[in-house]
Amino acid sequence: MKTWILLLLASFALGASAQACSCETMKWATCDGNPCGCYLLVNNGEQQKVDCTKSTPVIPKCYLMKAEMYRARKNLDTRSTLGGKPVETAFVDNDGIYDPECENDGKFRAKQCNNTEKCWCVNSAGVRRTDKGDKDLKCEKLVETHFVRLQLTHKETPQPVDATGLKTAIADAINKRYQNFNKDLVDSVKYDPDARMIVVDVKKEIGDRTADVTQMAYYMEKDVKILPLFKSQEKFAPVVGGQKLEMENILVYYVDEEAPTFTMQNLSGGIIAVIVVVVLAVVIGLLVLFFLRKRDKKRYNKTQQREMDAIS
């Protein structure tokens, strides 16, 4: 009887240990062992160790993108298919997901090739900031993103949104949800009630490496566009004046410490066609103006000559 009791207690202890060994900040992670260890499956099934303790920030974006690519190859769930640019050098992620190369600390390598012959330079968010080139392309350093603009659209609400309490509500929600993210980095919040649009500017000082605004933005994108990356599936929904704001769309702009170096090669065929048409129209207009002036000048000279003949 005593032996059965000991076995029962041991099974309860093992069950409690297994339940405690989990990753709250990453639902795709597998955790086991004592002490608890967690990892993500990447590449061809290799185990990428991640730190899931609550005292640490959310998992680096580079690791998450690798896990997302692995899951996409295995046909597992990953993603669904007022604002504007904060500054002229801001840009969005037009390339989407790829399989990145990560440094040992989880940061993106400055040069990415996605196992192809084409390579490009990225910022600390892993977003391309140069034209694509060959494997000889030089990326001197990983340029830091110090400012993101989150352009959010919320669902319709029963009552008008109290815009005066919006900044505090957004900052508190970000701080609580994204692993104690510094809410003081929420620089400004603007609201357009007609479009139901909230524009949130999150900034850190240039040179600051203590906070990563891009990780928070990546987690929020998943919250809004598909499903949360957290084990808990409750989405980002700040409460303003006792009213929960559920988000239905998000667009993220990135502003780096150094301006990107895109050229005309980065423009789509449609945009280039429009530019060509505009340039041709301008050239044709100038030519027409030139010939009209030339014709008018000839008429003026003939008229002047006839008047002089009449006087003589």
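Biologist: Is R177 buried or exposed?

Modeller: This is a predicted model, and in it R177 is buried, with a relative accessible area of 18%. The label follows because buried means under 20% relative accessible area.

Biologist: How many salt bridges does a search of the whole structure find?

Modeller: The search finds 19. One of them joins D95 to R128, with 2.6 Å from N to O. D95 lies in the loop between α2 and β4, and R128 in the loop between β5 and β6, so this pair links parts that are 33 residues apart in sequence. The two ends are labelled separately: D95 is partly exposed at 38% relative accessibility, and R128 is buried at 13%.

Biologist: Which residue forms a salt bridge with K141?

Modeller: K141 pairs with E258, the closest N and O atoms being 2.5 Å apart. K141 sits in the loop between β5 and β6 and E258 in the loop between β11 and α5, so the pair ties together parts that are 117 residues apart in sequence. E258 counts as partly exposed, at 35% relative accessibility. Salt bridges can also be read as a network, as with E144, K204, R209 and E257.

Biologist: How many disulfides does the structure hold?

Modeller: There are six. To read one, look at the sulfur atoms, then the torsion, then where each cysteine lies. Take C21 and C36, joined S to S at 2.0 Å. The torsion about their S-S bond is about 80°, so this disulfide is right-handed. C21 lies in the loop between α1 and β1 and C36 in the loop between β1 and β2, so the link spans parts 15 residues apart in sequence. C21 is buried at 8% relative accessibility, while C36 is partly exposed at 41%.

Biologist: Is the link of C23 and C52 left-handed or right-handed?

Modeller: The link of C23 and C52 is left-handed, with -80° about the S-S bond. Their sulfur atoms are 1.9 Å apart. C23 lies in the loop between α1 and β1 and C52 in the loop between β3 and α2, so the pair ties together parts that are 29 residues apart in sequence. C23 is buried at 1% relative accessible area, and C52 is buried at 11%.

Biologist: What is the pairing of the bonded cysteines, numbered in sequence order?

Modeller: In that order the pairing is 1-4, 2-6, 3-5, 7-8, 9-10, 11-12. Another of the disulfides is formed by C113 and C119, with sulfur atoms 2.0 Å apart. Its torsion is about 100°, so it is right-handed. Both C113 and C119 are buried.

Biologist: Which residues have the most contacts inside the largest nonpolar core?

Modeller: They are L150, I198 and M220, in a core of 62 residues. Several elements each supply at least two residues, including β6, α3, β8 and α4. Helix α4 gives the most, with seven residues. For a close look, select M220: leaving out residues up to four places away in sequence, M220 touches L150, L152, I174, Y178, F236 and I250.

Methods. Residues are numbered from 1 along each chain as its sequence is written. This is a predicted model: local features need pLDDT of at least 70, side-chain atom pairs count only at pLDDT 80 or more; totals for chains, interfaces and linings use all residues. Side-chain values use heavy atoms; hydrogens and water are left out. A nonpolar core is a set of buried Ala, Val, Leu, Ile, Met, Phe, Trp, Tyr and Cys residues joined through side-chain atoms within 4.5 Å. Buried means under 20% relative accessible area, exposed over 50%, partly exposed in between (1.4 Å probe, protein chains only). Helices (H or I, at least four residues) and strands (E, at least two) are DSSP runs, numbered from the N terminus. Contact means heavy atoms within 4.5 Å. A disulfide is a pair of cysteine sulfur atoms within 2.5 Å. A salt bridge is a side-chain nitrogen of Lys or Arg within 4 Å of a carboxyl oxygen of Asp or Glu.
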